[in-house]
Amino acid sequence: MDPILKAARVCKQEVNAGELALINAQALRPLSAEEVFTFRLAACDNQVDRDNERFTEDALKEMADLFVGRPVLMDHQWSARSQTARIYAGHVEENGPAQRLILRCYMPRTDKTRDTITALEGGILRECSVGVAVRKSVCSICGANQTETLCQHRGGREYEGKRCWFDLDQVADAYEVSLCAVPSQPEAGAVKSKRYGGQEPQDPDPAETGEAEAMLLARAMQEQEEKRYGGMEE
Ligand SMILES: [Zn+2]
């Protein structure tokens, strides 16, 4: 089952006693409020996205549980060394007409994590993607589950006045969240999704898209972390 990647967003999260208790359920040793940096990820919702897919409300609830304990990584590195934070809680909340998955994350405040925390606080690392696998992807036109039978309908097209999209349901696993650096333009750094095992699009040339500086910073930070980071390895 191939992971589906969706763009998400980093927001602020305060540390209080309740949050700290949830964090310490994940931590290797008890941490005080001063020792942790927390943030929340406004992850996926149940609205049809640019890939013509939407998660069902049940899928969002399943992810809220499955993501607890999962790592937050830099740039899709799957090694433990690139782990920068951990998800300690998840919930689904109303966002206007939408239901949205919120993942709360923490990282210890150490010399090793200081640069990453600064990047998060400064809004440089504010886009991320979530990787999940689903058992069902149901066509809104004919109801065919695409993980079993591919139908002829194309997402985003209209068939007799009805738009085609795919309902993602029955989450099999939630793997990770990956943070990436983005410049001032809100959508510039959003990560494209990979659908049903298809090829991921090539990264655009950073120089062409004006992201050179942010991408270089992200790479430098990642290299730095690979050299220095060791605090949260298992
Ligand atoms: Zn169909």
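Biologist: W165, buried or exposed?

Modeller: Buried. W165 has 21 C-beta neighbours inside 10 Å. The cut-offs: buried means 20 or more other C-beta atoms within 10 Å of a residue's own, exposed means 12 or fewer, and partly exposed lies in between, with C-beta atoms placed from the backbone.

Biologist: What kind of model is this, and how are residues numbered?

Modeller: This is a predicted model: local features need pLDDT of at least 70, side-chain atom pairs count only at pLDDT 80 or more, and totals for chains, interfaces and linings use all residues. Residues are numbered from 1 along each chain as its sequence is written.

Biologist: Back to W165. Where is its place?

Modeller: In the loop between β9 and β10. Strands here are DSSP runs of E with at least two residues; helices are runs of H or I with at least four, and both are numbered from the N terminus.

Biologist: Which residues is W165 in contact with?

Modeller: Leaving aside neighbours within four places in sequence, they are V48, N52, E53, R54, S140 and G155. Contact means that two C-beta atoms, placed from the backbone, lie within 7 Å. There is also a C-alpha separation of 8.4 Å between W165 and D51, which are 114 residues apart along the chain.

Biologist: How many helices and strands in the protein?

Modeller: Five helices and 10 strands. The protein has 234 residues, of which 40% count as buried. Take contacts between residues at least 6 apart in sequence: 71% of them join residues at least 24 apart.

Biologist: Strand pairing next. What does β1 join to?

Modeller: β1 (residues 4-12) is joined to β7 (residues 125-139) by six bridges, and the two run antiparallel. β1 also has four bridges to β2 (residues 36-45), again antiparallel. Strands pair if DSSP finds at least two bridges between them.

Biologist: Which residues stand opposite each other there?

Modeller: L5 stands opposite G131 in β7. A8 has C128 as its bridge partner in β7. For C11, the partner is R40 in β2.

Biologist: Why is β7 called largely enclosed?

Modeller: Because 12 of its 15 residues are buried.

Biologist: And the largest nonpolar core, how many residues?

Modeller: It has 51 residues. M63, L101, L103 and C105 have the most contacts inside it. A nonpolar core is a set of buried Ala, Val, Leu, Ile, Met, Phe, Trp, Tyr and Cys residues joined through C-beta atoms within 7 Å. In soluble globular proteins, nonpolar side chains tend to be buried together.

Biologist: What is L103 in contact with?

Modeller: Beyond its neighbours within four places in sequence, R40, L41, A43, F67, I87, G90 and V177.

Biologist: Switch to V92. Where is its place?

Modeller: In strand β5 (residues 83-95). V92 is buried, with 21 other C-beta atoms within 10 Å. Setting aside neighbours within four places in sequence, V92 is in contact with L60, K61, A64, Q99, R100 and L101.

Biologist: Helix α3: which residues are buried?

Modeller: T116, A119 and L120, in a helix that covers residues 114-121. They cover an arc of only 100° around the axis, so they sit on the same side of α3. That arc is taken from the directions from the helix axis to the C-beta atoms. G123 follows α3 and has a positive phi, near 80°.

Biologist: Which residues have a positive phi although they are not glycine?

Modeller: E160 is one, at about 50°. E160 is in the loop between β8 (158-159) and β9 (162-163), and counts as exposed with 5 C-beta neighbours inside 10 Å. Q170 is another, at about 55°. Q170 is in strand β10 (residues 166-181) and is partly exposed, with 16 other C-beta atoms within 10 Å.

Biologist: Last topic, confidence. What does the pLDDT average?

Modeller: The average is 78, and 72% of the residues score at least 70. pLDDT is the predictor's confidence in each residue, from 0 to 100.

Biologist: Where is confidence lowest and highest?

Modeller: Lowest in helix α4 (residues 206-209), at a mean of 44, and highest in β8, at 97. The pLDDT is below 50 over residues 183-211, a stretch with 38 contacts in the model beyond near neighbours in sequence. Residues 228-234 also stay under 50, with 12 contacts beyond four places in sequence.
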